[in-house]
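Here is a short report for a reader meeting this structure for the first time.

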Amino acid sequence: MAAGHEGRDTVGKAELFLGFLKIGMLGFGGIAPWARHVIIEERRWLTEKEFAAILGIGQVLPGPNTMNAAVIIGDRFQGVPGVLLCLLGQMLVPLVIVTALGAAYLHFADVPAVQAAVVGAAAGAAGLVAGTALKMARNIRPRPLSLLITAGGFVAVGLLGWPLVPVVAVLVPLGIGAATLERRA
Amino acid sequence: MSDAPLIEIAQVFSILSLVSIGGANATLPEIQRQVVDVHGWMSDAGFADAFAISHAAPGPNIIMVSLIGWQVAGLAGLLVATLAIMVPSCTLAFIVSRTLSRWADHPAVSLIKAGLVPVALGLILASGVAMMRTADRGPLTIAIGLATAAFVVFSRRNPLWALGAGSALMVVAG
């Protein structure tokens with residue numbers, strides 16, 4: 001199981017660039033599931049818990065959580081050059097594709113098969129994101145109090161549609177409190 | 001297209017970069033307000049198209065900003081918008097990353113990290129549900145979403161297989 005392995009001590013510059021190039025290239029429906037797939041399951045750079053913590057830091061900072069994660073992971077393994085390589089790798093292919101799509105879109109938007117494919121991919125992408133969260137939860141096995149925090153964030157943002165910033169502002173201190181209590185227990 | 005000055009693009013997106021907690025999906029309403037209402041760079045329909053295209057492409061959803069820059073001011077607009085949305089938040093992430101690793105041995109830092117784990121889990125799950133709501137076009141799309149989620153949970157194979165299958169199924173059924 002992925003949760004059992006140790007993270008790596010070193011990851012080379014070329015490896016970082018190629019890994020994030022792949023993450024960016026695969027990243028349909030958002031990057032986090034693919035980042036997890038490549039970093040945890042495929043290349044084993046980090047443990048599940050380390051990755052979740054980095055995503056968590058990325059989440060509370062402004063900007064996309066995965067872009068912040070790329071900065072932190074790049075810095076951790078290769079300093080400033082690592083940061084730049086991770087960011088460039090992550091953005092390069094998507095930038096080319098999105099402009100090509102933008103140019104092609106006007107010509108093909110009316111074709112029913114194109115619309116159906118986009119709808120199907122969007123539904124799959126939603127499942128991909130939800131499945132990734134469930135898998136991370138299964139591997140990390142949060143203790144009861146932490147699980148309550150997870151459920152609270154899910155209900156508030158996912159079901160009730162509350163704005164993210166105040167929810168994060170409330171949940172982060174609660175999460176830290178839960179971690180403190182659970183460590184003591 | 002319009003001759004929106006690059007400096008304005010840089011200003012708008014670098015400020016958005018620093019307030020975009022939660023990434024592109026969470027910041028979407030504010031991006032729309034700036035681009036459509038405040039600056040008039042795009043119509044509502046044009047903005048909706050940009051949103052759809054950027055979600056059909058791989059990569060971070062924030063790439064929508066690059067597409068907006070490109071549609072408003074060509075290649076220079078794309079580069080300026082991309083850098084403007086990335087540099088401020090990435091610089092902040094870098095500072096935080098350095099600070100955390102300097103204090104890595106401090107017990108408070110490991111508690112903060114541990115405390116962020118369940119928050120991140122809940123919010124990722126929430127964004128999956130929010131995406132599902134947007135993608136919902138009837139029972140088949142829900143089934144594709146649930147099947148893909150199950151595939152990810154129970155298999156270590158590349159999730160692209162599930163995405164491709166869902167897309168193909170939709171084409172065949174449609």
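The report below takes the domains, then the interface, then the charged pairs.

This is a predicted model, in which local features need pLDDT of at least 70, side-chain atom pairs count only at pLDDT 80 or more, and totals for chains, interfaces and linings use all residues. Residues are numbered from 1 along each chain as its sequence is written, chains are lettered from A and ligands numbered from 1 in the order written, and side-chain values use heavy atoms, without hydrogens or water.

**Domains.** Chain A splits into domain 1 (2–105) and domain 2 (142–185). These bounds come from an automatic or database domain assignment. The C-alpha centres of the two domains of chain A lie 25 Å apart.

**Interface.** Contact means heavy atoms within 4.5 Å. By that rule, 78 residues of chain B touch 89 residues of chain A. The two chains bury about 7400 Å² between them, with 78% of it on carbon and sulfur atoms. Buried area is the accessible area (1.4 Å probe) that two parts lose on being put together, summed over both. In chain B, the residues that lose the most area to chain A are B:P58, B:L121 and B:R156, together 9% of what that side buries.

**Salt bridges.** A salt bridge puts a side-chain nitrogen of Lys or Arg within 4 Å of a carboxyl oxygen of Asp or Glu. The whole structure holds nine of them over all chains. Two salt bridges link chain B and chain A. The table gives some examples.

| Pair | N to O distance |
|---|---|
| A:E15 and A:R8 | 2.9 Å |
| A:E48 and A:R36 | 2.8 Å |
| A:D75 and B:R98 | 2.7 Å |

How exposed are the partners? Buried means under 20% relative accessible area, exposed over 50%, and partly exposed in between (1.4 Å probe, protein chains only). A:E15 is partly exposed at 31%, and A:R8 is partly exposed at 30%.

A:E48 and A:R36 link distant parts of the chain, from helix α3 (residues 48–60) to helix α2 (residues 32–42) of chain A, 12 residues apart. Helices (H or I, at least four residues) are DSSP runs, numbered from the N terminus. A:E48 is buried at 2%. A:R36 is buried at 3%.

The pair A:D75 and B:R98 crosses between chains, from helix α4 (residues 65–108) of chain A to helix α4 of chain B. Here A:D75 is buried at 8%, whereas B:R98 is partly exposed at 39%. Salt bridges that share partners also join A:R36, A:E41, A:E48, A:K135 and B:R156 into one network.

How values were computed:
Helices (H or I, at least four residues) and strands (E, at least two) are DSSP runs, numbered from the N terminus.
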